[in-house]
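Here is a protein model to go through by question and answer. Each answer sets a value against the definition of the term in use.

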Amino acid sequence: MAALSLTGMAQAGGNGKTWVDYVNPYIGNISHVLVPTFPTVQLPNSMLRVYPERADFTADRINGLPLIVTHHRERSAFNLSVYCGDIGSLRDNVISYTYDNERITPYSYSAYLDGAGVQVDYSLSHQSGIYRLQTACEGVPAYLLLNSGDGSLTVKGSSVSGWQWLDAKTRVYLYAELQQKPSQTYVLAGGKAVRGTKAEGKSACVVLAVSGGDLRLRYGVSFISTEQARKNLQREIKTYDVETVKAEALKVWNEALGRIELTGGCDRDKTIFYTSMYRYYERQICMSEDGLYYSASDGKVHKDNGSPYYTDDWIWDTYRAAHPLRVLLEAEKERDIIRSFVTMAQQTDSLWLPTFPESTGDSRRMNSNHTVAVVADALSKGITDFDVNTAYCAARNVIYNKSLAPWSANTPAGWLNAFYVKHGYIPALRHGEKEYLPEVNPNEKRQPIAVTLGTSYDEWCLSRIASYLGKTSDSRYYENRSLNYRNVFNPETRFFHPKDSAGEFIKPFDYIFDGGMGARDFYGENNGWVYRWDVQHSIADLIRLHGGAEQFNADLDEMFNTPLGRSKFEFYAKLPDHTGNVGQFSMANEPSLHIPYLYNYSGRPWMAQKRIRTLLKEWFRNDLMGVPGDEDGGGMSAFVVFSMIGIYPVTPGLPVYNIGSPMFPSAKIHLSNGKTFEIEAQGASDVNKYIQSAALNGKQWDKPWLTHDDLVKGGRLVLVMGDKANRKWGARPEDAPPSGVK
């Protein structure tokens, strides 16, 4: 997309604001139960990310100053502290500070370390950052402490270089330059500072004595070498002026966020929208450095051959909306990401697509193998410039040659896979029956319904890839296997119900509470009410299984109106991921994201419009608890981005978007191909949430869905909004969105 001018952005944003001015990184920094969001400072999809080192927003201390987050929200490397006082009294490698007047933007950090009397200002580029530390040291030296959690640091003149282990094979490297030359250098070990220039081992720490006052440190990071870290710094930051770096970073963020241009609406809603878009850009990260990249798949450095290499993605979460959003906004980047997935598979002996690729390799968390869906979705929407044949082999291998047991790391297929292939479902243990399969993680259990449904969907996605390659018999075979969800559907209760290895339903059974911690004995993080709808690829058949549209709608309504069944204390103690509740619906966990759109398939689009608006208003707010659950670095945020502009990809792998209820009078989507698609919602407001009529490029439109081709050609969808439901619009059976399996 051509870069928008800052003047144009300010006019479009309203109130003299640019797009990035609407971002509030503090939204969700206090969690309801599980992990909070983190106020991450970075550029879009950049290797370098930082955030304050503290438990959550309520902590009144930060532990030093960060230099790089190496895994989304989970791990950081290196640390910077500043100290004024007697060097003989220095004991800690990382200093804990009280702080005040903190301000975080997507591209900057500032705070006053009030106990130490230090003003901190920070900004960054893609692989380098810069600190300005204004100290109150008067007449005594200031000391800068640089710490590696497990590695080595060496001082040479005004520079510090070194590395830190992340695991047994992966290191991250640092090269830092101080504006002034230190008067003395120490190594801090065993709680004592001694003269030296090199520190090694656990919590390796060097201390630089400098004149107090205005201290400036710039640095580069790398996963290749300290020399490459130096090159990254020198390529990106040529100044010691933080404000100059901030100005450049602001431009980068405004170009990224301006890919969706909103007009009208209130500042509150724009803040929620652009904050969600900012979080979507946190994952993945680009690992390419001057045409080279480190891959933890084989522990080697490779040439990227002009195609940037990406990692750090939790695909169980992000395949649903984050990857489809990138297809629209940055198709070339999505292509490079898929190329990276295929490359990761090729760099291993197994040739398996990754599931949770990180800077240290594929951690293979959660259940199922939804990278297959990412590949199928890209192909269905015209992204084909990658090695599709290898992707197909790697997709087939990861489904059938890797253990289907959740969180099973690199375990090959075993008894569970053989049973699934033969019988079409994952068998459950009966109440009290002890696990006997060594491939099953004792904490994560079998999750038999979640894995059966997830693998059925993966097999449908595999059939789409086979179809693209012209493998007709393969495609037909995998599509037939994608109906395996039927094997665990209980027609008496209309729930997906666990079966034992003899094919008998587990009885008696409680769809809310059975399954132990996180319902993992039978489901996975969510209970049976959420997994009742987890058939994204075959919704028309799901409606038939429920007995038709009328019963399907009644069952959907029942979900939103069935109480927790126990006290909140008991419910969340057992189902901590199942927050953001409206009845048994959980807005806080990704398997629920498509559920409110299901009314579009059953003749009640107006109900989808009502549910979506209600959920967005109830659970996504401009405050510290404004995210209902574990946001997963873009997985849930992309749902918010899509839903607030009025469309959503219910079935990744099918080039179709459901229409919901736009919250803004106008949303212009600046597409990857340079064209623009506008969704104009005339009269949209908190009250006017129902579609009265629609026109696509000037022609009457009576369907609650669009194709990908409709969007990428550019054009305009005009929706006339009102305060009362039009129960006829989009309600005819022939107007329902298509299902992957008919």
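Reading the terms against the values

The protein exposes about 25,300 Å², and carbon and sulfur atoms supply 48% of that area. Accessible areas come from the Shrake-Rupley method with a 1.4 Å probe, and for residues only the protein chains shown count as cover. This is a predicted model, in which local features need pLDDT of at least 70 and side-chain atom pairs count only at pLDDT 80 or more, while totals for chains, interfaces and linings use all residues. Residues are numbered from 1 along each chain as its sequence is written, and side-chain values use heavy atoms, with hydrogens and water left out.

Q: How many helices and strands does the secondary structure come to?
A: There are 19 helices and 36 strands. Helices (H or I, at least four residues) and strands (E, at least two) are DSSP runs, numbered from the N terminus.

Q: What makes the pair Q584 and N527 a polar contact?
A: A polar contact is a pair of N or O atoms within 3.5 Å; within protein, one must be able to donate a hydrogen and the other to accept it, and residues adjacent in sequence count only if both atoms are side-chain atoms. The side chains of Q584 and N527 are joined at 2.9 Å.

Q: Why is D686 called partly exposed?
A: Its relative accessible area is 43%, so D686 is partly exposed. D686 is found in the loop between β32 (676–682) and β33 (690–696). Its side chain makes polar contacts with the side chains of R268, at 3.4 Å, and K617, at 3.0 Å.

Q: Which residues have the most contacts inside the largest nonpolar core?
A: They are L133, Y219, F273 and M277, in a core of 225 residues. The largest share of this core, 9 residues, comes from helix α11 (residues 448–468). A nonpolar core is a set of buried Ala, Val, Leu, Ile, Met, Phe, Trp, Tyr and Cys residues joined through side-chain atoms within 4.5 Å.

Q: Why do β29 and β35 stand at the edges?
A: The open sheet has 3 strands in the order β29-β30-β35, with antiparallel pairing. β29 (647–648) and β35 (705–707) each have a single partner strand, so one side of each is left without a neighbour in the sheet. Two strands pair if DSSP finds at least two bridges between them, and β30 (residues 656–659) and β35 pair over 3 bridges. The bridge partner of Y657 in β35 is L706.

Note on methods
Buried means under 20% relative accessible area, exposed over 50%, partly exposed in between (1.4 Å probe, protein chains only).
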